Amino acid sequence: MTDADTTTTTADWQAWQKSWDRQQEWYLPDREERFRIMLDMVEALVGTAPRVLDLACGTGSITARLLARFPQATSTGVDLDPALLAIAEGTFAGDERVSLVTADLKDPDWPAKLPYDSYDAVLTATALHWLHREPLADLYGQVAGVVRDGGVFMNADHMIDETTPRINAAEQAQRHARMDQAKRDGVLDWSQWWQLAAKDPVLAEPTARRYEIYGEHADGDMPSAAWHARVLREKGFAEARPVWCSPSDTLLLALK
């Protein structure tokens with residue numbers, strides 16, 4: 001076994017998961033509530049032993065919470081980010097309930113890489129806002145193709161209603177003031193977290209590769225919940241509406 005192998009096997013993956021959670025919670029103080037409602041709706045619509053596709057899974061935040069609540073569930077995580085996938089792989093190593101797939105969701109053939117043809121639920125959070133409307137609509141059509149009849153898709157993300165500009169501005173100002181105070185108290189933001197990852201002996205190489213793929217963080221579009229619901233219906237879902245929202249975020253559920 002090489003020194004690199006030894007380092008990998010002894011890495012504290014749970015510490016990296018917690019660090020990722022803290023960084024994400026700086027942006028999303030209601031993150032755990034959002035996950036709770038997501039899993040409530042999984043249970044309500046497809047039961048407690050679902051086959052789940054964790055779309056743009058990152059470190060596997062959804063998968064970890066899914067399996068803690070529903071031990072009989074199985075999860076396929078799909079992502080392109082080599083650093084976040086490395087954390088997911090370390091976290092779930094040896095867990096036969098979890099499979100991880102490297103794929104680009106902008107590649108129309110990504111579903112062919114999945115281990116199953118269909119899923120009870122496809123779940124994603126704070127990930128698809130990096131897509132613009134047209135590729136996101138295409139992705140929704142592909143998602144509809146892997147959700148079984150009676151299955152669900154849920155997307156928790158920033159969904160901006162452009163008809164309420166004053167409300168949006170007030171909410172954003174308050175949220176950013178709170179974030180600024182938390183940062184003064186020592187919370188890591190996105191760029192600082194990645195700087196830390198780049199210095200870690202285990203994550204340095206996959207972090208360098210992820211910057212070759214993505215560059216700095218770049219956002220696509222953040223259309224309203226009404227846009228998401230309309231497009232999901234057009235792409236093959238029978239029903240779609242928000243099932244939870246905060247002042248800045250929405251959890252939108254679509255039923256096949």
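Trainee: Is Gln17 buried or exposed, and what is its relative accessible area?
Mentor: This is a predicted model, where local features need pLDDT of at least 70, side-chain atom pairs count only at pLDDT 80 or more, and totals for chains, interfaces and linings use all residues. Residues are numbered from 1 along each chain as its sequence is written, and side-chain values use heavy atoms, with hydrogens and water left out. Buried means under 20% relative accessible area, exposed over 50%, and partly exposed in between, using a 1.4 Å probe and protein chains only. By that rule Gln17 is buried, at 7%.

Trainee: Which helix does Gln17 lie in?
Mentor: Helices here are DSSP runs of H or I with at least four residues, strands are runs of E with at least two, and both are numbered from the N terminus. The run that holds Gln17 covers residues 13-27, and that is helix 2.

Trainee: Which residue's side chain makes a polar contact of 2.9 Å with the side chain of Gln17?
Mentor: Contact means heavy atoms within 4.5 Å, and Gln17 touches Thr59, Ile87 and Thr91, leaving out residues up to four places away in sequence. A polar contact is a pair of N or O atoms within 3.5 Å; within protein, one must be able to donate a hydrogen and the other to accept it, and residues adjacent in sequence count only if both atoms are side-chain atoms. The partner at 2.9 Å is Thr91.

Trainee: How many of the residues of helix 5 are buried?
Mentor: Helix 5 spans residues 82-92 and is mostly covered. Its buried residues include Ile87 and Thr91, and what covers the buried ones includes helix 2, helix 4 and strand 2.

Trainee: Which residue caps the N-terminal end of helix 5?
Mentor: Look for a side-chain oxygen 2.9 Å from the backbone nitrogen of Ala83. That oxygen belongs to Asp81.

Trainee: And how many disulfides does a search of the whole structure find?
Mentor: A disulfide is a pair of cysteine sulfur atoms within 2.5 Å. Cys57 is buried at 7% relative accessible area, while Cys245 is exposed at 54%. The search of the whole structure comes back with zero.

Trainee: Which residue forms a salt bridge with Asp21?
Mentor: A salt bridge is a side-chain nitrogen of Lys or Arg within 4 Å of a carboxyl oxygen of Asp or Glu. For Asp21 the closest N and O atoms are 2.8 Å apart, and the partner is Arg31. The pair links distant parts of the chain, with Asp21 in helix 2 and Arg31 in helix 3 (residues 31-46), 10 residues apart.

Trainee: About how many helical turns separate Arg36 and Glu33?
Mentor: An α-helix has 3.6 residues a turn, so residues three or four places apart point the same way. The side chains of Arg36 and Glu33 meet in a salt bridge of 2.9 Å, N to O. Since they are three residues apart in helix 3, the separation is about one turn.

Trainee: How many residues apart in sequence are the parts that Arg69 and Asp40 tie together?
Mentor: Their side chains meet in a salt bridge of 2.7 Å, N to O. Arg69 lies in helix 4 and Asp40 in helix 3, so the parts tied together are 29 residues apart.
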